[in-house]
Amino acid sequence: MKKKSWQALAALFFLLFLVFAPMTYHWCAKVTKLRSEGKVEEASVISHEQKRSASKHRTKSHYLTVNFFADEPGEKKQPKPTKEPKSGDAVSRILGGLDKTLSNMRNRKYTKTQIAVSKGDLEKYPVGSKVKIVYLPEDPQGAMLQSRVQEFDFTIYYALTSVCLTLAIISLVFSRRTD
């Protein structure tokens, strides 16, 4: 191959490296943070959505729209202690249970978000079903399926990034040796 061909190949692989490196950092950092600081919550699936890409290949992206109650970021306030109702007073028992429920909900915020999923996940979770998600209290919109967080494999991202950088370096070396 000619010197310019090797240089073009090196430039291509270097550009691929520049694309994969930030993507690798972003996804790996996000999943690592979800694994270490994320809160697991049960969410309700309220709709499915499939979006077609604008490209000529017409790939589809699949989304679950879910809702759940997320913890507010920061310190949790302790609920006020309530008086225990007398065992014979039914109204007092009902109101006492309602008071406990409301005190647990004070530090939680209703959240509705879309989660990107595979076609298999879309079929696995019909509308109205419950799904386990992981979210960060400071970013509940960035929730992911718990199963995806647990099975996320960093290896493929590191491999793609490493291969692109290695091929870029090899191409540069060959471009300097070729006349």
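## Pocket, patch and salt bridges

The largest share of the lining of the largest pocket, four residues, comes from β3. This is a predicted model, where local features need pLDDT of at least 70, side-chain atom pairs count only at pLDDT 80 or more, and totals for chains, interfaces and linings use all residues. Residues are numbered from 1 along each chain as its sequence is written, and side-chain values use heavy atoms, with hydrogens and water left out.

Student: What pattern does the chain follow, read along the sequence?
Tutor: Helices (H or I, at least four residues) and strands (E, at least two) are DSSP runs, numbered from the N terminus. The chain has five helices and five strands. Its pattern is α-β-β-α-β-α-β-β-α-α.

Student: How much space lies in the largest pocket?
Tutor: A pocket is an open set of points on a 1 Å grid over the protein atoms alone, where a 1.4 Å probe fits, with protein on both sides within 12 Å along at least five of seven lines. Points are joined across faces, edges and corners, and the volume is the space filled by probe spheres set on them. For the largest pocket that gives about 340 Å³.

Student: Which residues of the lining lie nearest the centre of the largest pocket?
Tutor: Lining residues have an atom within 4 Å of a point. The largest pocket has 16 of them. Elements giving two or more residues are α1, β2 (60-71), β3 (108-117), β5 (139-145) and α4 (146-151). Nearest the centre lie Trp27, Ala116, Val117, Met144 and Arg148.

Student: How many residues of that lining are nonpolar?
Tutor: Ala, Val, Leu, Ile, Met, Phe, Trp, Tyr, Cys and Pro count as nonpolar, Asp, Glu, Lys and Arg as charged, and the others, Gly among them, as polar. Three lining residues are polar and three are charged. The nonpolar ones number ten.

Student: How many residues apart are Glu138 and Lys33?
Tutor: Glu138 and Lys33 form a salt bridge, with closest N and O atoms 3.5 Å apart. The pair links distant parts of the chain: Glu138 sits in the loop between β4 (130-136) and β5, Lys33 in helix α1. Their separation is 105 residues.

Student: Which helices each supply at least two residues of the nonpolar patch?
Tutor: Patch residues have over 30% relative accessible area and no salt bridge; nonpolar side chains (Val, Leu, Ile, Met, Phe, Trp, Tyr) are joined within 5 Å. Phe14, Leu15, Leu18, Leu165, Ile169 and Val173 make a surface patch of about 510 Å². Leu15, in α1, counts as exposed at 52%. The helices are α1 (3-37) and α5 (155-177).

Terms used:
Patches are made of residues with over 30% relative accessible area and no salt bridge: like charges are joined within 9 Å, nonpolar side chains (Val, Leu, Ile, Met, Phe, Trp, Tyr) within 5 Å. Accessible areas come from the Shrake-Rupley method with a 1.4 Å probe; for residues, only the protein chains shown count as cover. A salt bridge is a side-chain nitrogen of Lys or Arg within 4 Å of a carboxyl oxygen of Asp or Glu. Buried means under 20% relative accessible area, exposed over 50%, partly exposed in between (1.4 Å probe, protein chains only).
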